[in-house]
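Here is a short report for a first look at a protein model. Please view the sequence and the structure before reading on.

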Amino acid sequence: MRSGFGEIFVLGLLFMTGCASSRSTTSASAGRTTVDYNSYNEDLSSVRPIYRTTSTAAPSTNYPTPSTTPATTSTAPRKADTRRSNAPIEALHINRRLDMVLDTIATQNRSIRYAPGFRVQVYVGTQRKEVDAAKLLISQNFPELSPYLSYNQPTYKLKVGDFMRRMDAERYYTSIRRLIESAQLQPDKVDIRRSLLIK
């Protein structure tokens, strides 16, 4: 029992002294010990890359010409350079494939005509004269907005605008609401090309 306690005491003492910093300095003014982390030094010259020098008088070609004597600055032995220096670099095949995919996506996007968006419903009612008056009022004040008149017997509905973003629709909605108090903002399927014309 006594020898077990002694071994644990010795191991604990070794552990505590092993964890103590060997590079401690004492500050004269404060009386505290500090560790100098800037004193670390290691020779990394064995893992640095070697660059071959090329002559500037030779005419330029597509591939660099290897020098006969590589410039070495380290005394440690290095592994031989296993890279192929005369092999052409062919990365254009990735660009060609990427261009083909992007062209396909662009063609598909051009075929899409409608997208979910917002329109301002200006009028809902049964009177043809009132819907014509509302359409004239909107076209005079907002010529950039396209009117959409639908008739489902006996109701006329007049909607204006092709807005992809709700923020743009709300901006026009507040202006239209000053003219026509019954206007409402509604989600709808909008024409993408006409929505790009609205500023």
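The report covers a hairpin, one tyrosine in it, and a nonpolar core.

This is a predicted model, in which local features need pLDDT of at least 70, side-chain atom pairs count only at pLDDT 80 or more, and totals for chains, interfaces and linings use all residues. Residues are numbered from 1 along each chain as its sequence is written, and side-chain values use heavy atoms, without hydrogens and water.

**The hairpin.** β4 and β5 form a hairpin with two residues between them. Their pairing is antiparallel, over six bridges; strands pair if DSSP finds at least two bridges between them. Helices (H or I, at least four residues) and strands (E, at least two) are DSSP runs, numbered from the N terminus. Proline 154 sits in the loop between β4 and β5. A cis peptide bond joins glutamine 153 to proline 154, with omega about 5 degrees. Most peptide bonds are trans.

**Tyrosine 156.** This residue belongs to strand β5. Its bridge partner is tyrosine 151. Tyrosine 156 counts as buried because its relative accessibility is 13%; buried means under 20% relative accessible area, exposed over 50%, partly exposed in between (1.4 Å probe, protein chains only). Its contacts (heavy atoms within 4.5 Å) include Val131 and Leu149. Valine 131 is 25 residues away in sequence, yet 7.2 Å away in space, C-alpha to C-alpha.

**The core.** The largest nonpolar core has 21 residues, and Val120 is one of those touching the most other members. Such a core joins buried Ala, Val, Leu, Ile, Met, Phe, Trp, Tyr and Cys residues through side-chain atoms within 4.5 Å.

| Element supplying at least two core residues | Residues |
|---|---|
| β3 | residues 114-125 |
| α3 | residues 128-141 |
| α4 | residues 166-179 |

Notes
Lists of a residue's contacts leave out its neighbours within four places in sequence.
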